[in-house]
Amino acid sequence: MTTALSGIRVLDLSRVLAGPYCSMILGDLGAEVIKVEAPGGSDDTRTWGPPFQKGVSAYYLCANRNKKSITVDLKTAEGQAIIRELASRSDVLLHNFKTGSMEKFGLDYESMSELHPALIYCSITGFGETGPYSHLPGYDFIIQAMSGLMAVTGTPQSGPQKTGVAISDILTGLYAAIGIQAALLERQHTNKGQKIDLSLLDSAVSALVNIGSNFLMTGEEPTRMGNHHANIAPYQMFKTKDGEVIVAVGNDRQFYHFCNAVQKPELSEDPRFCTNAVRVKNREELTAILQKTMEEKKTAYWLKICRDSQIPIGPVHTLTDVVQDEQLMARDMFVTANHPAAGPIRMVGSPLKLSGSSFRVNHAPPEPGEHTIEILNMLGYSREIIDEWKKKRII
């Protein structure tokens with residue numbers, strides 16, 4: 001079966017998470033992805049652990065499947081020549097070096113565009129390539145703090161909190177994949193490539209969505225609301241007799257049915273709670289009443305009662321629950337691949353379900369330089385030159 005991005009080659013000079021996550025998405029969609037590292041492997045996530053499986057980091061495995069690996073020393077003229085040759089035969093070049101680094105290597109957009117005018121060139125940096133912060137290094141934790149995401153995450157008592165995953169990296173990786181595919185579509189009309197300048201900070205700020213809109217409208221600083229929703233009530237977590245559930249009541253009709261389901265029909269006609277606007281204003285009183293009721297029964301009871309009444313509800317799962325969830329198993333969201341060093345590894349699958357092309361793991365996350373010889377042979381370099389470069393640690 002033909003894959004969505006078959007025939008597209010991506011030269012990936014990125015490392016850690018945002019860039020590799022983007023290129024993994026493109027690889028999952030069928031693009032040929034060539035991951036570039038320094039000899040010996042220079043992606044920091046290869047050493048981030050534990051856990052490790054036979055010396056291979058779980059963190060590295062999460063964002064590097066469906067790629068080939070070449071190791072090249074970009075500080076050498078020979079290494080830079082190899083990358084230029086690869087770029088001239090690629091559709092996309094992706095990197096996340098600090099602003100100004102690619103210019104030092106002679107691999108900046110202007111140079112690459114002159115070499116290959118149809119090349120899509122995607123730069124991922126902490127703060128973007130323009131503006132007063134452009135020279136600063138960017139890390140997800142810092143970006144979560146500076147974007148306002150931490151200011152609205154947590155509770156008044158907890159203080160600012162980061163999310164449980166590196167969300168600004170993930171968001172930027174997703175935006176990069178979107179931007180690259182948009183540029184590839186535009187190239188079909190113009191026959192020209194272009195540069196994509198992506199910033200972790202910009203991506204994180206874009207995720208403020210309704211919270212950002214609320215502030216722009218009112219000028220009022222939002223408070224940290226924990227598991228409550230800024231604009232809707234009840235839309236929150238409740239403790240049950242044996243666990244926790246999330247109830248997401250999105251409108252007054254659902255609230256009416258919810259009140260009947262929990263045998264509190266009078267609440268839907270109470271002037272303090274009869275509309276969403278007054279429920280938001282009287283959130284604490286409503287929560288106290290509902291919490292006392294929800295604690296009387298077990299999670300399974302509330303799941304059945306609410307779902308029978310078409311009230312949105314879900315349990316708060318541990319990861320043990322998640323990997324055993326029948327819905328996720330039916331959707332193939334956990335896959336196994338054979339890694340050359342670690343052996344069989346389990347990975348989170350792809351959420352992309354395209355009717356015309358199926359997701360599969362063509363390549364387990366590669367070992368450093370696993371495909372160097374194969375790629376250099378493809379470029380036409382002789383065995384003698386390759387051996388010489390190996391002796392000099394250029395590759």
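**Exercise 1. Determine the strand order and the pairing sense of the open sheet of three strands.**

Solution. The open sheet of three strands has the order 9-10-11 and antiparallel pairing; strands are DSSP runs (E, at least two residues), numbered from the N terminus, and two strands pair if DSSP finds at least two bridges between them. Next, strand 9 (235-239) and strand 11 (313-315) are the edge strands, each pairing on one side only. Neighbouring strands of this sheet are turned by 25 degrees against each other on average, direction ignored; axes are lines fitted to C-alpha atoms, for helices over the stretch in contact, and angles run from 0 to 180 degrees between N-to-C directions.

The model is predicted: local features need pLDDT of at least 70, side-chain atom pairs count only at pLDDT 80 or more, and totals for chains, interfaces and linings use all residues. Residues are numbered from 1 along each chain as its sequence is written, and side-chain values use heavy atoms, with hydrogens and water left out.

**Exercise 2. Describe how strand 9 pairs with strand 10, and identify the helix that lies across both.**

Solution. Strand 9 and strand 10 (residues 244-248) are joined in the antiparallel sense over five bridges. Within this pairing, Gln-236 stands opposite Val-247 in strand 10. Finally, helix 12 (residues 283-294) lies across strand 9 and strand 10, and the helix runs at about 40 degrees to strand 9. Helices are DSSP runs (H or I, at least four residues), and contact means heavy atoms within 4.5 Å.
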